[in-house]
Amino acid sequence: MQNQGIKVVLVDDHELLRNGLARIIDRFESYQVIFEAGNGKEFIESVAENETPDIILLDISMPEMDGFETAKWIKKNLPYSRILVLSMSDNESTVLRMINLGARGYILKDSKPAILKEAFDNIIQKGYYSNDLVNSRMIYEVQHGTLRKIAISQREEEFLQLVCSDLTYKEIADKMNASPRTVDNYRDNLFVKFDIKSRVGLALFAIKQGYYHI
């Protein structure tokens with residue numbers, strides 16, 4: 001274990017995974033795992049007896065107290081600790097919910113160690129980690145309330161609400177009694193209006209603007 005590194009805490013209910021991650025992270029220059037926890041409840045109990053972590057590597061699916069509830073607690077009680085989500089799920093609504101709860105980045109459990117190190121470095125240096133799942137500008141704007149209000153049509157608003165669901169674009173078209181091409185047009189028009197390039201970006205915008213509530 002390194003001395004006086006950037007302090008990292010692992011919160012995941014799989015002990016073997018945690019142990020393996022701890023060994024990997026302790027080999028990263030400037031990073032040090034200060035403790036591990038199997039769920040949010042264990043984390044809260046342990047954090048009171050340890051130094052405040054700089055980064056919390058947080059799983060979502062855990063017994064007793066899951067990642068959502070843990071992130072809520074962290075946001076309220078440890079505002080200077082930065083959450084990096086490490087999950088098996090790339091479900092868009094799950095990603096959006098965690099970002100709304102303060103996560104600074106989101107990576108999958110099958111990511112390579114180099115990606116994890118890059119995510120840590122970006123979170124420390126820039127405040128956020130941007131990848132295919134999340135866009136750093138959108139994270140910032142959602143969490144700091146700087147998104148601008150842009151006029152949209154009633155049908156675009158309906159589409160925007162459905163974008164935040166688990167429905168595919170084809171299912172959204174069926175729900176709106178519209179053709180897939182029409183739905184594609186709604187999407188492309190909103191991409192241009194909001195200067196956004198992904199469905200996750202649209203959904204983050206919808207959440208912040210109050211079109212959709214998690």
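**Exercise 1. Find the neighbours of S87, leaving out residues up to four places away in sequence, and place S87 in the fold**.

Step 1. List the contacts. S87 touches D59, I60, Y106, I107, L108 and K109, once residues up to four places away in sequence are left out. Keep in mind that this is a predicted model.

Step 2. Find the element. S87 belongs to strand β4, which covers residues 82-87.

Step 3. Judge the burial. The relative accessible area of S87 is 4%. Buried means under 20%, so S87 is buried.

Step 4. Look at the side chain. A polar atom of the S87 side chain lies 2.9 Å from the backbone nitrogen of S89.

**Exercise 2. Two of the residues that S87 touches are D59 and K109. Work out how D59 and K109 pair, and what the pair ties together**.

Step 1. Side chains of opposite charge can pair when their charged atoms come close.

Step 2. Check the distance. The closest N and O atoms of D59 and K109 are 3.2 Å apart. The cut-off for a salt bridge is 4 Å, and D59 and K109 form one.

Step 3. Locate both ends. D59 sits in the loop between β3 and α3, while K109 sits in the loop between β5 (103-108) and α5 (113-126). The pair therefore ties together parts that are 50 residues apart in sequence.

Step 4. Consider the surroundings. D59 is buried, at 4% relative accessible area. K109 is partly exposed, at 21%.

Step 5. Widen the view. D12, D59 and K109 are linked in a network of salt bridges.

**Exercise 3. The structure holds 12 salt bridges. Describe the one between E64 and K41, then the one between E158 and R155**.

Step 1. Start with E64 and K41. Their closest N and O atoms are 3.7 Å apart. E64 lies in the loop between β3 (55-58) and α3 (67-77), and K41 in helix α2 (residues 40-47), so this pair ties together parts that are 23 residues apart in sequence.

Step 2. E64 is exposed, with a relative accessible area of 67%. K41 is partly exposed, with 43%.

Step 3. Turn to E158 and R155. Here the closest N and O atoms are 3.0 Å apart. Both residues lie in helix α7, 3 residues apart, which is about one turn of the helix.

Step 4. E158 is partly exposed at 28%, and R155 is partly exposed at 30%.

**Exercise 4. Is E156 buried or exposed, and which residues does E156 touch beyond four places away in sequence?**

Step 1. E156 is found in helix α7, residues 154-163.

Step 2. Read the accessibility. At 6%, E156 counts as buried.

Step 3. List the contacts. Leaving out residues up to four places away in sequence, E156 touches Y186, N189, L190 and K193.

**Exercise 5. Describe the largest cavity and its lining**.

Step 1. Recall the idea. Rolling a probe the size of a water molecule over the atoms shows where empty space is left.

Step 2. Count and size. There is 1 cavity of 30 Å³ or more. The largest cavity holds about 50 Å³ of space.

Step 3. Name the lining. L10, V11, D12, R18, L21, L57, L58, D59 and L86 line the largest cavity.

Step 4. Trace the elements. β1 (6-11), α1 (15-26) and β3 each supply at least two lining residues.

Step 5. Sort by type. The lining of the largest cavity has 6 nonpolar residues, no polar ones and 3 charged ones.

Key. Residues numbered from 1 in each chain as written. Predicted model: local features only at pLDDT ≥ 70, side-chain atom pairs only at ≥ 80, totals over all residues. Heavy atoms only, no water. Helix = DSSP H or I, 4+ residues; strand = E, 2+ residues; numbered from the N terminus. Buried < 20%, exposed > 50% of the residue type's maximum accessible area, 1.4 Å probe, protein only. Polar contact = N/O pair within 3.5 Å; in protein donor to acceptor, adjacent residues only side chain to side chain. Contact = heavy atoms within 4.5 Å. Salt bridge = Lys/Arg side-chain N within 4 Å of Asp/Glu carboxyl O. 1 Å grid on protein atoms, 1.4 Å probe; cavity = no way out; pocket = protein on both sides within 12 Å on 5 of 7 lines; lining within 4 Å. Points joined across faces, edges and corners; volume = space filled by probe spheres on them. Nonpolar A, V, L, I, M, F, W, Y, C, P; charged D, E, K, R; others polar.
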